[in-house]
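Subject: Structure handover

Hello,

Here is the structure for your files. My notes on what was found follow below it.

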Amino acid sequence: MNGNTPHQNVEIEERHVQKKSDSSQVLSTLIKYAAYLLIFFGALYFLVKYVFPMF
């Protein structure tokens, strides 16, 4: 080793970023909002079919 050239100790930090997506949680959320939409459109259908013709 030559004493005239400085030796640099370079540490390389590796970062591995992983996207954690729980597919069961995504599926349960999808089912929940699908149920909300089904209830909403069911109530809307009921209003249009049975309640509004009374007026």
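There are 3 aromatic pairs in this predicted model. One of them joins Tyr33 and Tyr36: the ring centres are 5.6 Å apart and the planes stand at 80°, which is over the 60 degrees required, so the pair counts as edge-to-face. Tyr33 and Tyr36 lie 3 residues apart in helix 1, so about one helical turn separates them. Tyr33 has a relative accessible area of 48% and is therefore partly exposed. Tyr36, with 49% relative accessibility, is likewise partly exposed.

Phe40 and Phe41 form another of the pairs, with ring centres 5.3 Å apart. Their planes are at 65°, so this pair is edge-to-face as well. Phe40 is located in helix 1. Its relative accessible area is 48%, which lies between the limits of 20% and 50%, so Phe40 is classed as partly exposed.

On the chain as a whole: the secondary structure consists of 1 helix and 0 strands. Helix 1 covers residues 23–51. The chain has 55 residues, and buried residues make up 0% of them.

Part of the surface is a nonpolar patch with about 1400 Å² of accessible area together. Phe40 and Phe41, the edge-to-face pair described above, both belong to this patch.

Which residues does Leu47 contact, leaving aside its neighbours within four places in sequence? They are Phe52 and Pro53. With a relative accessible area of 35%, Leu47 falls between 20% and 50%, so it is partly exposed.

Regards

Technical notes. Residues are numbered from 1 along each chain as its sequence is written. This is a predicted model: local features need pLDDT of at least 70, side-chain atom pairs count only at pLDDT 80 or more; totals for chains, interfaces and linings use all residues. Side-chain values use heavy atoms; hydrogens and water are left out. Helices (H or I, at least four residues) and strands (E, at least two) are DSSP runs, numbered from the N terminus. Buried means under 20% relative accessible area, exposed over 50%, partly exposed in between (1.4 Å probe, protein chains only). Contact means heavy atoms within 4.5 Å. Rings of Phe, Tyr and Trp (its six-membered ring) pair if their centres lie within 6.5 Å; planes under 30 degrees apart count as stacked, over 60 as edge-to-face and the rest as tilted. Patches are made of residues with over 30% relative accessible area and no salt bridge: like charges are joined within 9 Å, nonpolar side chains (Val, Leu, Ile, Met, Phe, Trp, Tyr) within 5 Å. Accessible areas come from the Shrake-Rupley method with a 1.4 Å probe; for residues, only the protein chains shown count as cover. A salt bridge is a side-chain nitrogen of Lys or Arg within 4 Å of a carboxyl oxygen of Asp or Glu.
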